[in-house]
Amino acid sequence: MPYADDAPEEIEVMRHVRIPVTDGLELSARIWLPKSAHQTPVPAVLEYIPYRKNDFTAPRDSMHHPYFAARGYASVRVDIRGSGDSDGVLADEYLQSELDDGVKILEWLEAQPWCTGDVGMIGISWGGFNGLQIAALQPPQLKAVVSVCSTDDRYADDVHYMGGCLLGDNLSWASQMFAYNSLPPDPEVVGARWRDMWLERLEGCEPWIVNWLEHQRRDEFWRHGSICEDWSQVKTPVMAVSGWADGYSNAVFRLMENLQAPCLGLVGPWSHKYPHIGEPGPAIGFLQECVRFWDHWLKGIDSGIMEEPKLRAWMQHSVAPTPSYDHRPGRWVGERRWPSERVKETPYALASAYRLLRTDTLDSLDPAAKNLDDQEFISVQSPLSTGLFAGKWCSYAATPDLPHDQRQEDGGALVFNSYRLEEDVEILGAPEIDLDFEVDQPVAMVAVRLSDVRPDDKATRVTYGVLNLTHRNDHGEPEPLEPGKRYRARVRLNRIAQCFPAGNRIRVAISTSYWPLAWPAPTVAKLKVYTGSSRLLLPIREGQALDEAVAFEPPEMNEPLETETRGLTHHNWTVERDLALDRSTLHVVDDNARSYLPDADLELEQKTEEWYSSENDDFQSIAGEVQAVRGLRREGWHVRTITRTRLQCDEENFRVIAELDAYEDDRRIFSRNWERLIPRDLV
């Protein structure tokens, strides 16, 4: 790993700084500061997240915050209220209190003698979200935002719902936050009041999944914090960043298309990670790009970054399917504008004989092969096991949570194949399926996968999309389907950059289930697809000389804080088919064992297990369960929490069962159980 040895400036670290915010609370910050800032004030860079600066994110923080400080910025890492060593209780994501606190932090930074008053925000995931959301409030101190792996649309393009379908990650993520929220502050930081603060958090700790399930359609709950509701409110320049293995790549394109402020887009092959430590590789010199962006907007230095392509993206090349990659083959491409005039929407017909035919080539085909009778249909009723090899909605680790060989899924789907390609086909953007269909139930879903089929017939998923068909017209006002009635719907797949090489085939697969990535409909449904009038629309891109100008420096970063692993880590996905019970189970283990962090003199414990199961095609048997263990230990102090969340359903309701147990020195000091029944709302 290339660590930065030649720091341009000496820095100092303020380990625990209290920042007063709203409601009389104080938030805890760690600040890396150039020593020269006491004589010559510098701009500040803020990262504002709930993941505990003193322990769980300390190694990652130590890689980039000192790097920014050594290059002339006060780099500031703040725990959101109710998290880490900050006061208060964290009651949900992106509450108005969180955003108001963020504005107070900016005002506080402006008032510091070592700060010029100009501030940038950076963050991945949560910190990427609130950077955009705070920008929409237009605080005068905020001059630029680097938003990584985030979204502008909290309903349609986040961890909760996709295409109006409930995501399995909604349960997974709610359970992760359930565990984080149950931990106390560090007594070495906050002193003797740590236990009172912990009990306040435990009393206020709720399974957020209940709240999220009570809002199954796009309503005011989700509009709050979704900057797509009024793009004009964001006047701050933005660098939007994501990866093709991440769950948030779509937002990069919407931000480029809709923000009136300057916006750069960067999408690599990465999962849910900062690009300087990006997996799958190649990782890039992302911190250098951030400094160039900060230099331009916070210091007025012409770094040249705004003269480079508006979009820089990794064009992925064909690769055999596997659930993890160290490196994803491809090349960097660039577009001066987005949308690009070099990308043309090209239709492919879903034809008879399960063929995928490019319509501008139909005249050259045998008449029997190009039958596009709009009365001809093919039906599918997918087994619930279709989706076991889909991987995670958002790849958090890239190992081994990426989709496996799609031949294992295609048996439960309608499959349309192109002829073997005579020349390379490159796409950049969002493929869509224009679907002419009918179903036999009032509530149904559809999943569409686009795959690259190699000469040996191995199928690698390129992108996918899901749609709750009751949401075909509007996420805010879903409408039940009339069985037997014919409808049209557009299913937009996740944006992607992919080269399909000559000799390979393009495959479309359509299924009525994609569990456990998406929660199934209330009952089994049969979908009829009218092939002659259903189409795939591919965003085909012409190459250009500009691609040659897109290049990045190798990654640089500071060496992370020392950590010592104690015990064996275990990360795995296991698919089990119990043939005697006709039960399918996906078991996910993310066990980081115990690790010692000398910087805080703390031993950390972090383990999460997930189970997703179904029996036969019994839609009442579907269940997901997550158990999470978090612990902190040093001499004379040991705390541990165990959370369990289970989600079940029948045709009418979702049922949430949750438990929280907290231990001090192996003595249980808090226990609470929840059980909630939540009506299904056309989901």
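Phe293 counts as buried because its relative accessibility is 1%; buried means under 20% relative accessible area, exposed over 50%, and partly exposed in between, with a 1.4 Å probe and protein chains only. Trp294 is buried as well, at 0% relative accessible area.

A word on the source. This is a predicted model, where local features need pLDDT of at least 70, side-chain atom pairs count only at pLDDT 80 or more, and totals for chains, interfaces and linings use all residues. Residues are numbered from 1 along each chain as its sequence is written, and side-chain values use heavy atoms, with hydrogens and water left out.

Now the rings. The structure holds 34 aromatic pairs. Rings of Phe, Tyr and Trp (its six-membered ring) pair if their centres lie within 6.5 Å; planes under 30 degrees apart count as stacked, over 60 as edge-to-face, the rest as tilted. Tyr155 and Tyr161 make a stacked pair, 5.1 Å centre to centre with 20 degrees between the planes. Both Tyr155 and Tyr161 are buried. Phe293 and Trp294 make a tilted pair, at 6.1 Å and 55 degrees.

One aromatic cluster includes Tyr51, Trp126, Tyr180 and Trp393. Tyr180 also has a charge over its ring: the charged end of Arg630, 5.4 Å from the ring centre. The cut-offs are NZ of Lys or CZ of Arg within 6 Å of the ring centre and within 35 degrees of the ring normal. Likewise, the charged end of Arg154 sits over the ring of Phe221, 5.6 Å from its centre.
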